[in-house]
Amino acid sequence: MDGRTAQPVVAGPPTPLVGRAGALTALDEALDASRDGFHFLALVGEPGAGKTRLLGELVAMADRRGLPRLWGRAAEYEQVMPFSALVDALDDHLDARRGDVAGWVDAAEAELLASVFPALGPPDGPAKARAGDRSGLARYRLYRALRHLVDALAAPAGLLLVLDDVHWADDATLEFLDHVVRHPPPGPVLVAVAYRPAQAAPRLATLAGAAGPRGHEVSVGPLSPQEVEQFLGPAVGPGRSRALYEASGGNPFYLEALARMGDTEVAALPPTVLAALRVELGDLSPDALLVAQAAAVAADEFEPAVTAVAAEVPHGTALAALDELVVRDIVRAASGRFRFRHPLVRRAAYESAAAGWRLGAHARIAAHLAELGAPATVQAHHVQHSGTFGDRRAVDVLVAAARTVATNAPATSAHWLQAALRLMPDDDATREERLALMMELSWAQGVSGRLAEGRDTARRLLRMLPEDDFPRRARATRVCALMERQLDRPQEARALLLDELSRMPSPRAAAAVPLRMRLVAESMMRVDFRAAQAVLDLMPDTADDWEPGLAVAVAALRPMPALAAGRAEEALRYAETADRLLAAVPDDHLSEWLDAIAWLCWAETSLGRYDDALRHFDRAAAVARSTGQSYILTNLLAGRAKTLVAMGRLEEATAAAEESVEGARLLDSGQQLVFALTQLCLAASWTGADEAAILAGDEAVQCGVGGGEVWEASARFARGQALVNAGRLAEGAEAVLDACDGFDEPSLDRGTLLQACETLARAAAGLGDADGLTTWVSLAARFDDPGLPSFSGFASLARAHALREARPEAAAAAAETAARMLSSSERRLDAGRALLAAGLSYLEAAHRGRARESLKAAAEIFDACGARGLKAQTDRELRRLGVRVSAGVNTAAAGGAAERLGLSRRELEVARLVAEGLTNQQVAERLFLSVRTIETHLSRIFAKLEVTSRVGVATALNRLR
């Protein structure tokens with residue numbers, strides 16, 4: 001166990017380490033594990049338990065290994081500063097290597113990084129994030145850029161990144177840590193964090209577990225009585241040692257603070273360590289105490305000039321006082337600046353100053369920074385503590401700072417907007433500005449994952465708006481209803497819309513139309529398409545008082561209810577009309593209506609108009625990014641992934657689905673997460689990443705939101721499809737049938753029901769279920785619709801599955817018909833599956849030549865689509881026919897090896913490439929999978945082989961030879 005807590009980045013007297021054998025072993029093992037790839041280490045303990053001291057030991061171990069290391073710390077009084085711990089760790093280092101950064105990341109990533117790190121930004125302060133993306137999801141791309149930067153810094157020797165006191169870190173830092181744990185850099189990186197469990201956010205507390213085999217948590221507890229004696233040394237007698245142990249509870253920092261009091265009677269001391277620290281501060285000279293208090297107000301790491309300003313003393317006096325503070329070990333030198341020896345010492349100094357004096361000190365620092373021309377983001381911390389009611393300049397600084405960080409750190413943006421609103425008088429002169437800022441605040445709260453707070457702000461805004469301000473009330477109501485929907489409160493969303501509509505004098509007024517459109521969307525989400533159609537029937541196509549874009553929005557909503565009612569030809573006509581209107585409208589007229597445009601995009605996918613759907617998804621996504629509509633953006637990305645899967649563009653589909661998943665996690669929206677995971681499940685399944693697909697499907701279904709709505713049924717269908725594709729036929733068929741509600745008033749659209757029938761027929765054929773085959777072929781014929789030609793091939797393919805055993809030639813003919821229909825509809829992957837079915841049927845009929853032709857054509861399609869599982873299956877059949885195909889894993893040997901190791905064949909394939917020394921990125925490129933999928937496989941491989949490193953994987957495989 002430890003003695004004094006000390007940062008290795010600052011000067012301080014060396015102290016012996018007492019005990020902590022288990023913790024030191026864990027640190028050593030984490031460093032060893034990181035040589036083979038990313039590892040995450042968390043030190044968890046109460047204040048003063050010695051986490052920082054152990055981090056210092058970790059740094060010393062890294063130094064002995066020649067491992068580069070960087071150290072940063074979050075601070076109690078700067079908790080809202082974006083990425084403060086990362087800036088503390090990296091900024092000076094980046095300043096020294098600024099010229100290298102351009103070679104490590106591309107121009108777009110460099111621009112994002114410059115918005116965080118002053119060293120990479122313009123001379124006058126951090127750059128703003130790209131103006132082109134205000135969705136709040138730009139921070140996902142920033143996190144990727146940060147991950148690439150960390151990986152570059154790790155080359156070639158590795159990197160130890162230490163972040164201390166992360167219980168005080170801002171939301172953006174915690175989101176990045178969550179991102180890097182889920183998407184670790186391929187290089188040898190060890191990220192070590194320390195935090196207090198009682199103050200840790202849930203996201204922080206689960207990081208080590210989320211890292212799987214790459215994560216480890218070390219609990220840092222109190223010293224034992226015997227260790228306290230060892231720490232104090234022979235000069236302290238047993239009696240006093242016991243008294244100090246009881247007073248400190250074995251906490252090393254508390255023990256140190258009490259021991260510093262010399263022979264003072266321990267029992268007479270106040271019960272808290274802060275009282276002991278105040279006694280220590282009381283022994284300082286008046287100037288030193290004043291400067292210590294000023295430094296505590298200034299910053300976690302402070303400069304003498306700023307403390308002189310805050311303390312209102314000459315610069316020389318401040319320097320002399322700092323000398324005394326260093327001698328007394330209150331503060332320690334840190335590269336021309338200073339830091340308190342421990343956050344608790346800073347707190348004691350801060351709280352020892354009078355509240356009014358602290359306010360004045362913040363004000364003096366804010367004025368000093370303003371004179372220096374410091375960016376608003378640097379001034380804001382002190383302005384929020386010193387600004388007075390009605391202070392126009394303070395409001396302007398806070399608003400400017402909030403808008404600067406809105407993209408990368410919306411939680412901080414919301415904090416500063418709230419501070420600005422508290423200082424702003426509520427009078428006629430500021431009313432309009434206040435209303436506008438509340439709209440910004442609602443958005444910032446929403447995109448930072450604080451949906452309930454954003455909803456509440458929107459509701460307050462509604463109470464403030466005049467009853468007859470129908471346009472703005474409608475806009476605020478739509479935002480509020482959208483957040484209620486994201487909170488899985490559809491009834492509240494609907495009630496809110498109906499209540500606001502009831503206030504309007506005319507149901508056909510222009511301001512009422514957007515609310516009615518939102519009602520249509522709510523009805524469609526509930527699979528109540530009759531109600532949606534009833535509302536649409538009351539809405540004209542256009543009106544003289546409609547604002548630009550509204551006619552497009554109404555047109556965009558019309559196709560889906562028509563399609564759901566079985567009026568496919570009418571739905572197609574509506575889609576064509578909406579397409580024409582959309583082409584004639586500029587982007588700036590669409591920003592208010594993206595939720596309606598999203599419904600058009602999904603309808604076009606359901607109608608098989610894939611090129612149109614992609615074009616509109618991409619355009620709407622660009623508008624969503626530029627206007628900050630993050631909820632719609634995640635929806636659009638998920639829809640884009642669904643369309644790309646249908647077209648067989650699996651690599652693109654996986655990328656879009658993964659971005660949608662990450663965006664949904666940032667938003668903390670269960671509904672959007674289900675949307676995204678559903679498409680990730682399908683993309684991964686058709687790629688051949690069976691376990692990753694099932695994991696995504698399981699999570700989507702287990703989210704527990706959206707019961708009875710179409711998106712929840714879609715998640716169950718995707719999971720069932722993935723199970724069938726993975727060979728778990730009975731379980732998968734049951735899940736697909738459940739998703740279709742037994743085909744008794746199913747929620748899914750007609751095209752998906754056709755696909756479900758084909759999947760069930762394929763499963764029934766594999767299970768030898770003749771009765772099931774008859775049922776599913778009959779149902780497929782019933783759902784087949786000439787108005788939806790892009791899905792007609794599924795009925796023929798279902799028939800091919802049913803005929804293959806008894807009438808293989810007829811099955812081959814049906815499969816070839818299906819292939820032609822699906823190919824003409826741009827469903828390349830499904831066309832390839834039909835050709836595979838034709839080839840297998842020709843094999844059954846002993847037509848080897850025709851079987852070869854069909855299987856070769858199928859293999860080419862699967863290779864182009866990135867459907868590696870289907871490609872491997874097709875290659876096996878071609879080898880049976882004597883066709884030479886590209887070398888791959890020997891499936892027979894792989895099967896035996898996989899069985900002995902407890903791995904799936906895909907996992908064995910990944911393990912062998914890892915054992916060859918390939919990085920995750922290289923394995924992903926070799927197997928045409930995403931890095932995320934490789935990471936998932938590798939986590940499972942580590943667990944199954946009971947190893948913690950790539951070396952362990954290689955060793956386990958070598959045992960088989």
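Select Trp602 and Phe675: both are buried (under 20% relative accessible area with a 1.4 Å probe, protein chains only; exposed is over 50%). The model is predicted, so local features need pLDDT of at least 70 and side-chain atom pairs 80 or more, while totals for chains, interfaces and linings use all residues. Residues are numbered from 1 along each chain as its sequence is written, and side-chain values use heavy atoms, without hydrogens and water.

Stay on this pair. The ring centres of Trp602 and Phe675 are 5.9 Å apart and the planes stand at 40 degrees, so the pair is tilted (rings of Phe, Tyr and Trp, its six-membered ring, pair with centres within 6.5 Å; planes under 30 degrees apart are stacked, over 60 edge-to-face, the rest tilted). Trp602 is in helix α31 (residues 594-607) and Phe675 in helix α35 (residues 670-687), so the pair ties together parts 73 residues apart in sequence. Helices (H or I, at least four residues) are DSSP runs, numbered from the N terminus.

Next, select Gln721 in helix α37 (residues 710-725). Gln721 counts as buried because its relative accessibility is 3%. Beyond neighbours within four places in sequence, its contacts (heavy atoms within 4.5 Å) include Trp686, Val736 and Arg762.

Move to helix α11 (residues 238-248), where Ser241, Leu244, Tyr245 and Ser248 are buried. Viewed down the axis of α11, these residues fall within an arc of 100 degrees, so they line one face (the arc is that of the directions from the helix axis to the C-beta atoms). Gly239 and Glu246 are exposed on the other side of α11.

Conventions. Helix = DSSP H or I, 4+ residues; strand = E, 2+ residues; numbered from the N terminus.
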